Amino acid sequence: MAFKPKIVGFLCNWCSYAGADLAGVSRIQYPPNIRIIRLMCSGRVEPFFVFEALKQGIDGIIIMGCHPGECHYMSGNYEAEIKFNFIKKMLNFINLSDRITLKWVSASEGIRFAKVVTEFTEFIKTLGKSPIQKSKNNSDLIFSLTAMQQSMNNYRMRVLMGRKRKITEQKNVYGEKVSIDEFEELENKAIIDEYNRERISLILKKHPLSVKNLASSLDLDEKSVLDYIVWLRSKGIVDVDKIQGLTPYYISIQED
Amino acid sequence: MEFEPKILGFLCNWCSYAGADLAGVSRIQYPPNLRVIRVMCSGRVDPVFVLDALMKGLDGVLVLGCHLGDCHYIDGNYEAESKYRALEMLLENINLNDRINLDWVSASEGMRFADLVDEFTEKIKSLGPSPISSSTKDLKLLDELQAIKRVFSNSRIRSLIGRERKITLLENTYGETIDFEKFNKILKDALDSEFYRSQIYLSLLKKSASVKDISQEINIDKTLVFKNLLMLRQRGLADVAGVDGLDPIYKAL
Amino acid sequence: MSEKIGSVMIVGGGIAGTQAALDLSESGYKVYIIESSGSIGGVMAQLDKTFPTNDCSMCILSPKLVQAGRHQNIEIITMAKITGLEGKAGNFKVDILKKSRFIDEEKCTGCGICAQECPIEAIDVFNEDLSISKAISVKFPQAVPLYYSINKEKCIGCGICQGVCKVKAINYTEEDHEINLNVGSILLAQGFDEFDPTVLKPYGYGKHPNVVTSIEFERILSASGPYSGMVLRPSDGTIPEKVAFLQCIGSRDCHHGKEYCSSVCCMYTAKEAVIAKEHQQQVNPTIFTMDIRAYGKDFDKYIERAQEEYGVRYIRSRIPSIEENPVDHDLILTYESEKGEIISETFNMVVLAVGINPPSTSKELSSNLGIELNEYGFCQTRPFSPTQTTKDGIFVCGAFSEPKDIPESVVQASAAASHVNALLSSVRNTEITKKEYPEEQDVSGEDPRVGVFICHCGINIGGVVNVPEVVEYTKTLPNVAYAESNLYTCSADTQISIKEKIIEHNLNRVVVASCTPRTHEPLFRETVKEAGLNQYLFQMTNIRDQCSWVHMHQPEEATEKAKDLVKMAIFRVQKNRPLQELDLEITPNVLVIGGGVSGLNAALNLAQQGHSIYLVEKDEKLGGFARNIHKTIEGYDVQNYLNKLIERVKKHNKITIFKNTNIKNLAGYLGNFKTTVINEANNETQELEHGVIIVATGAVENRKNEYNLEENSNIITQSELELMLQNKKDIKKKQRIVMIQCVGSRNEEHPYCSRICCSEAIKNALSIKALNSDCEVVVLYRDMRTYGFKESFYRKAREKGVIFLTYNKIDNVKVNDKNRNMIVTVKTRFGENFIIESDLVVLSTGLISPEGTERLSKMLKVPLNDDNFFLEAHVKLRPVDFATEGIFLCGTARAPATIEESISQGRAAAARAMTILAKDVIHSEGVTSSVDEELCTGCRICIRLCPYNAIERNELGVAVIREALCKGCGLCAASCPEKAIIVKHFEKDQILAELTAFGGEYIGV
């Protein structure tokens, strides 16, 4: 049987949803795989939703907003773009970043809407089924996605996303403007760190592990793992469970 | 072998059946082709019964009631007359109207009864066997009878016939009487259009077809077929099944 | 007796009457709609689609009808007419005769059993005799109000309906009766009658079955029409491969007393051709026309699409007669091609584009009311006041005063309402009652009981999606207590049945699966509210625009998609919470941007109602583009009118005028705007507070150096010619003047028609002829677009000897101005070449939007169209509104328009603004954000992100939302690091519920 991808679209009410309506009024045909969730603004799309969708086995996710400069809420789509890029960077770690896309469609672009949906659907078809769906043996992937979902939802990442435009385009608290490169260096590091910390804390919820164990199962070097453990301990997220021989075993002490 | 028609008679209990009995008591002889079904009143004779009889291949149907004004049930025979007239109108379309007859016989008219049966039997003999029962069974005619039967089962037609006397003789709901001619025209139009619709519907039940096909099949003008198809569609009895070139193909539902 | 009465009577319940009723009822007046037929909606309800957007007519009209039908302060009196009038403006006594329906309107539920059982088949008026309805009938399934009525002429009085009527609504003894009403003003909106082409014998209408009128064809196209939307011909029900449309049937026809142009036929024909092709690929449409009058906003683009995308063939010819082949009922047309050959062509069907006639009842009405009619039998209006009749206190709108399309009618409806506003503002709110909703049910703690209503939308959805299957599927979903399908879920009867079902099945959540929530959600929310549920316990999903219409060839997949979408809505609605709306106070002042004709009219009208107006004009003078125009084509003195208007505005103590002034900054929202204006002469700024904004920034002449306009003083524009005409001597010397139309209009840079240039050219040509009849005037044109009554001046010009030559492309018109006598060469549409010596060349250069339009649009956050004119909220039904509440649009800032049209638009914008200003408070949306103070750390991220400055920190250092400012975009909620903000109605678990319904199972972290 032909592969019928499951695609979710998060559409803003004012431009892209209206554009989708216009495609309808103009009877422009496109593949029937997409299911649209209407939001007031593309800026409402939290990374949490996207990771959740991927975990549920959705094959492709498309976020649509007004064209830059045309947002009904003035700047919501810029915020959407920032969040989108964060998500994309994280998904790069597990080769899933192709499965999400962000597009601008105005209320008068019914044809463009249909084209964007058609192209994305075709593209997802070439990628094939989501790896979550493809095999039952997907717990590693779910684990990674959960770590991403969790980390992108944490305070630090949300602050970075929420402040990026202000700090890079206007001024920070010192009245200085941080260059975009400078900020992104910080951002990239934060993405890796928060992802790894979350993975460690998640894995330690299940059973105690040593730095060595962690390094091998998460494919990290031991030095980094130790740094993360130190940080997580300082935040009261993990602690030493036991010491076997010379090796301390750590466990998560975070309550759900 | 000489043709011996099969004739069915619907006789009301109080006048005509008694009249037939009187003919017997008086030993008045008449042809033996008649088989009688006794009903309490000639008004009970649903056109559907007559149609069933014709469809079974009977050669003639005779309906007899009390004389007008003498009905045991006051005006049942008037109702019989309304029904009969409507039936006659449609049977005329297929040339079967001569094979039915309605008449009045009182309980004291044994002689008249015998005469009526005699005359009707002779008439049917001269017409020959019913086209349904003959060896070249007329299937098209059977279809048409089937269509007419549907017409008389239709509530629209039944309610029109049922109100005929009230509306044309007494007064309608506005306290007015409708001219008999006007009513007759409305009734005739209704009968004809329902006949077309029944024919179209029955034809579609056999197989889905275009307006052109139906028009050929039942020999009705295309415009009329189309108009009445729309009504069937509106009633949820037919729908477009597809398009063949420029012709929509309709199916029965 | 002389006291004013705060109520209004509107005669005619078409789109114009309905719009006026809504405007006035929202402005504090009691409204009576007197409708001659059984229900409101008029001609628009009969249309399949509307140009130029191909919006489904019923879809956009139905919500308005429903709104009018359910409005507390609108009383609809159907099957009624005016028989007498006494009194004067402000206090009229009107006698009305209401014809009997023989059905008690109080009791009839519109269930339709009576019609089902009626044995008498009568003709179906709504479907233009193409199908059959009963002696007892309703006009159309979505009729408002939905009462059946008995056609006494057909009825034989059998009494069956009385027997079957469950509510005992049938009353055969009901008699026509008189109603007397006391109203302050009367507004006439009877619309029009279609021209009856049976009088044009050579066309054989009524004789040849396959010759139909455009309105009959419109019903043929309609999904709810006799052929369920298939394009078929009446003679045999086949698909007509070749369909000919004949223009100007009963228009531009002096022989039958229909000299005027009906204004709408060119466009509706193009639309019918396009839609026919869309419905039935096999159809090839051909349109026979003299001119293509696509003079409105985005009309030319539509014609172009019709030709290029849909292959619609245009032939410039007027067909005199139709021959029929009696065997197959095909039709033979004979015409002259552009090359001059005589061609006979066979068509399978012919559509006659019938014109607009005054309503047949207009004479009787005019004598009953004491108003005058014009020479064509339409309502006479006053110069520079196109919505005023000749009698004070009686106003007119829509096609009853002149043929016009839907948006023009809607504009006039609001403009007429503005007159009523000015007349009756002292007695506003005296006759009305407030809408009472049943007490809101407390559903907290109850298990969800979801009711699901799935729409067939005629065949729009049901033709693709298997609706019954979706209903069955829906019934299997958890917590679904009830599910059904409706032919039209938006119809008035369905609203009643939804309410009944809510009560009957004790529903506490409602889902509607139909079209787009962008247009229909308010309607259903209202219904839910009327049933005592909080309106936010409702969820809508779009299985038409985003499903059936876009997957037409994949019915199975579309059905699967519809199931998913309905499931998603059902899951979500269970997470919805009841929300309360906020009252918003209104600053009663008005900012009018632009001091041209439309801005001045808007300002004056609102000032007359006691509102303070800030009138901002960037120029040093008021008057705008009208300062260049000396008289109208009818001969009315524009300068005299303008000066008087400016005088009145200047003298009005409620109007503050800011000249040389621009908008510097604009903040705030509906009801509470703060605008900084800057005087460009002295750089002084001032801050203004106001509740609404009217944008009337106008247009300017498109002056480009074409045909050496800037270099050669004998090449001028039409407005320069108009100035020259004031100095008679100059004209007396001229021997031949050539006018070139469409210079800089309808080209690649400005693809739109500037609407006014054809009339301007004819006006000036007639003036030239009046001053110097020896001067030859040649007009080179593409299509002569003298719509409406202006057509008579086109005829007059030809009679006076003005020569008209039509060309195809502007490249075919060349001017050699090397010598004193210029040589104009033109290649006409018919291939002939003319060389014309001329001592004056006049260019019709059209209108463009002024500089600064883009800047203003950004500040106002309202859109522009491709041609840089402001884009209204809806091209058909909200022509002077912006999508953003509290901002309105009028005049040539919207699109090119005549002075009278600009006046109407200015007044219309004022009336629309009044629907807000008339209230002390209005209700804001319930979709806003809120902060959990326990979680907020005061990081201020949200404050910086909020585009509306709707968040501030309180004395405790935590964020609080100013709900009146919040638009519910959810940016703050999506970004709050502490997840302390929720955006109501778009909460995380609500969005996740939708996602999970599709994805399978919620996993979470």
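I count as a salt bridge a side-chain nitrogen of Lys or Arg within 4 Å of a carboxyl oxygen of Asp or Glu. The model is predicted, so I kept to its limits: local features need pLDDT of at least 70, side-chain atom pairs count only at pLDDT 80 or more, and totals for chains, interfaces and linings use all residues. Residues are numbered from 1 along each chain as its sequence is written, chains are lettered from A in the order in which they are written, and side-chain values use heavy atoms, with hydrogens and water left out.

Entry 1. I looked up the total and found 88 salt bridges over all chains. One network of them links R156(B), E194(B), R197(B), R235(B) and E121(C).

Entry 2. I checked D75(B) and found a salt bridge to R165(B), with the closest N and O atoms 3.1 Å apart. D75(B) is in the loop between strand 3 (60-65) and helix 3 (76-93) of chain B, while R165(B) is in helix 6 (residues 155-169), 90 residues apart. Helices (H or I, at least four residues) and strands (E, at least two) are DSSP runs, numbered from the N terminus.

Entry 3. I then took D783(C) and R316(C), which meet in a salt bridge at 2.5 Å, N to O. D783(C) lies in the loop between strand 40 (776-781) and helix 20 (791-799) of chain C and R316(C) in strand 18 (residues 313-316), so the pair ties together parts 467 residues apart in sequence. D783(C) is buried at 3% relative accessible area, and R316(C) is buried at 15%. Buried means under 20%, exposed over 50%, partly exposed in between (1.4 Å probe, protein chains only).
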